[in-house]
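Here are a few friendly notes to read with the model open beside you.

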Amino acid sequence: MTSWWCEYAWVGSAPVASVRVVAHSGVVTSVETGVPASDGDERLRGLVLPGFANAHSHAFHRALRGRTHGSGGTFWTWREQMYAVAARLDPDSYLRLARAVYAEMALAGVTCVGEFHYLHHAPGGARYDEPNAMGEALRQAAGDAGIRITLLDACYLSGGLSSDGHLPLDPVQQRFGDGSAEAWASRVGQLAPDATLRLGAAVHSVRAVPRDALPEVASAFPDAPLHVHLSEQQAENDAALAHYGRTPTQLLADAGALGARTTAVHATFSPGIDILGGSGTRICACPTTERDLADGIGPMRLLVTAGSPLCLGSDSHAVIDLLEEARALEMHERLATRRRGSFSPAELVDALTADGHAALGWPEAGRIETAAPADLVAVRLDSVRTAGSTPEQLVLAASSPDVHTVVVGGRTVVRDGAHALGDVGALLCDAVSSLWADA
């Protein structure tokens, strides 16, 4: 049995003072409020939040940070640089990079990551002896970093969509594809979940999965989460309308791909707010990536009001700071509407925690309550960023450096701002620099 005494803890929908959380075998067995600390408690100062869920990650994109800004460009020119990184990775180098990236997430309070995984095969499309070697590298990386993972294995069959139809995979994209939805499902079915990994499916996008294949992908794993990039760029909508006469949202609805187990990532230019909300489809906003790539500001408040629960992701990892993602959600809404307070602090915490975990297939997580995993994130109230903040508004003031302790399933992964693996900056430098050594 382990117990923590929290100066403040987020219990239910608000901070509560003087809280003892007790856990056995990594699961919370009791939560006591308004109690003094005892000698056996580990004391956590500041505000203790439930573990954060990073609902949308491409781990290998982290190698692009600080390297894509020299000549401006667009999402599409950035994508060419992303493909260059993708071509350099193998299972060993991917393990080193992802381990460091997931450790960086843990430092920021992330206890569970949704890895939107499409880097499946060897360069040129050759198959590894272990068909899921790249996915297994991600499993090990998350385990080494001490966090849980939902591996959202993405079907990727075509190289794009124009008014004339779907394009063939280009040479770099060959390693993303399995040839057919049936072959994709067969490979994914060989992955075995365990105590820290759950499986999910993904439609990379309606650009990468033709309409005829969408129903097969959507129904392949009916009890698992289903994620999809949706309308991140207006060009996707234009191409779908030109070729199919349907928006991407309508194509997914026609295929039975929307609903409570589905998370649409971005939805920046989605004209189908009523369809998404009416089906209960979740939305994953990735504000720091969406502004880094000049995507735009999506209609997030309208989507939530229509019935779509909201979660957050760091996507391309231009920034790994889930508190910043939550704050940016509200700040972007202020810019778009010229009004303050579209999202309450409690709504932002829900997006960070419970709703993100639900989107990743861990509905029992993201809360400080009995029978939940003992996932705790302690955030300072006395840093230069947070001094003077009230606990209930801390999510609008704090940043990742204010996270000082992270507990995942009862195990302390981050203590006093340091990860159990050691110097995460050095791990990142080694992993990233090796990918660019001959560039």
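1. Eight strands form an open sheet in the order 5-6-7-10-11-12-13-14, and their pairing is parallel. At the edges stand strand 5 and strand 14 (310-312); each has a single partner strand, so one side of each is left without a neighbour in the sheet. From one strand to the next, the twist averages 25 degrees. Please keep in mind throughout that this is a predicted model.

2. Inside this sheet, strand 10 (residues 197-203) and strand 11 (residues 226-230) are a handy pair to inspect. Three bridges link them in the parallel sense, and Val203 has Val228 of strand 11 opposite it. Which helix packs on the sheet? Helix 11 (residues 322-337) does, touching strand 5, strand 6 (110-117), strand 13 (282-285) and strand 14. The direction of helix 11 makes about 135 degrees with that of strand 14.

3. Ala59 sits in the loop that runs between strand 5 (52-57) and helix 1 (75-86). Is Ala59 buried or exposed? Its relative accessibility is 0%, and because buried means under 20%, Ala59 counts as buried. Leaving aside neighbours within four places in sequence, Ala59 is in contact with Tyr94, Leu97, Ala98, Val101, Tyr102, Glu115, Leu138 and His317.

4. Two packed helices are described by the angle between their axes and the distance between the axes. For helix 2 (residues 91-107) and helix 3 (residues 133-145), the angle is about 35 degrees and the axes are 8 Å apart. Their crossing is right-handed. On the helix 2 side, the residues that meet helix 3 are Pro91, Tyr94, Leu95, Ala98, Arg99, Tyr102, Ala103 and Ala106. Helix 3 contributes residues including Ala133, Met134, Leu138, Gln140 and Asp144. Sorted by class, this contact has 14 nonpolar, one polar and two charged residues. Tyr94, Ala98 and Tyr102 of helix 2 and Leu138 of helix 3 take part here, and these four are also among the contacts of Ala59.

5. What stands opposite Leu376 in strand 15? Pro50 does, while in strand 16 the bridge partner of Leu376 is Val407. In a regular strand the side chains alternate between the two faces of the sheet. Here Leu376 and Ala378 point one way, Val377 and Val379 point the other way, and all are buried.

6. Finally, the overall division. Domain 1 covers 2-50 + 367-424, and domain 2 covers 52-360. Taken over C-alpha atoms, the centres of the two domains are separated by 29 Å. Their contact takes 29 residues from domain 1 and 30 residues from domain 2.

Conventions:
Residues numbered from 1 in each chain as written. Predicted model: local features only at pLDDT ≥ 70, side-chain atom pairs only at ≥ 80, totals over all residues. Heavy atoms only, no water. Axes fitted to C-alpha atoms, helices over the stretch in contact; angles between N-to-C directions. Helix = DSSP H or I, 4+ residues; strand = E, 2+ residues; numbered from the N terminus. Left-handed = near helix turned anticlockwise from the far one by under 90°. Contact = heavy atoms within 4.5 Å. Nonpolar A, V, L, I, M, F, W, Y, C, P; charged D, E, K, R; others polar. Buried < 20%, exposed > 50% of the residue type's maximum accessible area, 1.4 Å probe, protein only. Pairing = 2+ DSSP bridges. Domains from an automatic or database assignment.
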